[in-house]
Amino acid sequence: MAWGSKSNDTHEAPRGNNAMSFLGGEVVVQGNITGGGDLHIDAEINGDVMGKTIIIGNNGIVRGNIQAAKATIAGTVEGTISAETLIVEKTARVRGDLSYANVSVENGALVEGRLTQQGKAHPGELQLVSAAE
C-alpha cells in the first residue's frame, strides 16, 4: 500500500483486553503514558506510566512514577511505583518508594526507597479499636 493511499486494507494493531503494547529501545518518550492494557517498556520514558500490567525490560528506563495492577521491573526506575502485585527482578535499579499489596524482590536488585504494603497501618499511626470486643 502506497503512502497516502485510500485503500481499505488497513494494518491496525490488535485491541482488547489481551493486547500487549511494546516500546522498544530506540524510543524516547517525553511525557506521560496512560492505558488500560498491558505495556512492555524497553524505551526511555521521561514521565509517568499508568496501565493494567507494566513491564520494564532490562534496558528500560522510567524517570517518573508507575501505577499498575501488576508491575514487573527489570530495568531502571527513578520514581514511585504503586502496584497491587510488584515484582522487582535481580537486574532492577529502583530509586523511589514502593507501594504494593504483594511484593517479590529478587536477590541482587537495588532498591533505594521506602517499601509500604497497601492497606497496612503505618508505624506510629493511631488505630480505632472497639471496646465491645
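I61 stands opposite T76 of strand 9, and strand 7 and strand 9 pair in the parallel sense over 2 bridges; two strands count as paired if DSSP finds at least two bridges between them. The model is predicted: local features need pLDDT of at least 70, side-chain atom pairs count only at pLDDT 80 or more, and totals for chains, interfaces and linings use all residues. Residues are numbered from 1 along each chain as its sequence is written, and side-chain values use heavy atoms, with hydrogens and water left out.

**Chain overview**

- The chain has 0 helices and 14 strands; helices (H or I, at least four residues) and strands (E, at least two) are DSSP runs, numbered from the N terminus.
- Of the 133 residues, 28% count as buried, where buried means under 20% relative accessible area, exposed over 50%, and partly exposed in between (1.4 Å probe, protein chains only).
- The accessible surface of the chain is about 8700 Å², and carbon and sulfur atoms hold 48% of that surface; accessible areas come from the Shrake-Rupley method with a 1.4 Å probe, and for residues only the protein chains shown count as cover.
- Among contacts between residues at least 6 apart in sequence, 3% join residues at least 24 apart; a contact means heavy atoms within 4.5 Å.

- Strands of a sheet pair through backbone hydrogen bonds, either parallel or antiparallel.

- Strand 1 (residues 20-23) runs parallel to strand 4 and is joined to strand 4 by 4 bridges.
- I41 in strand 4 is the bridge partner of L23.
- Strand 6 (residues 49-56) also runs parallel to strand 4, with 4 bridges between these two strands.
- Within strand 6, I55 is the residue opposite H40.

**Salt bridges**

- The structure holds 4 salt bridges, a salt bridge being a side-chain nitrogen of Lys or Arg within 4 Å of a carboxyl oxygen of Asp or Glu.
- E44 and R63 form one of them, with the closest N and O atoms 2.8 Å apart. Because E44 lies in strand 5 (residues 44-46) and R63 in the loop between strand 7 (61-62) and strand 8 (66-73), this pair ties together parts that are 19 residues apart in sequence.
- R63 also forms a salt bridge with E78, where the closest N and O atoms are 3.8 Å apart. This pair links distant parts of the chain, with R63 in the loop between strand 7 and strand 8 and E78 in strand 9 (residues 76-78), 15 residues apart.
- E44 is partly exposed at 26% relative accessibility, R63 is partly exposed at 35%, and E78 is partly exposed at 37%.
- D97 and R114 form a salt bridge whose closest N and O atoms are 2.9 Å apart. D97 is in the loop between strand 11 (93-95) and strand 12, and R114 is in the loop between strand 13 (110-112) and strand 14 (115-117); the pair links distant parts of the chain, 17 residues apart.
- D97 is partly exposed at 25% relative accessibility, whereas R114 is exposed with a relative accessible area of 58%.

**Nonpolar surface patch**

- V103, V105 and L115 form a nonpolar patch on the surface, with about 220 Å² of accessible area together. Such patches are made of residues with over 30% relative accessible area and no salt bridge; like charges are joined within 9 Å and nonpolar side chains (Val, Leu, Ile, Met, Phe, Trp, Tyr) within 5 Å.
- V103 lies in strand 12 (residues 98-105) and is partly exposed, with a relative accessible area of 33%.

**Surroundings of G35**

- G35 is in the loop between strand 3 (33-34) and strand 4, and is partly exposed with a relative accessible area of 38%.
- Not counting residues up to four places away in sequence, G35 touches M50, G51 and K52.
- G35 and M50 are 15 residues apart in sequence, and their C-alpha atoms are 6.2 Å apart in space.
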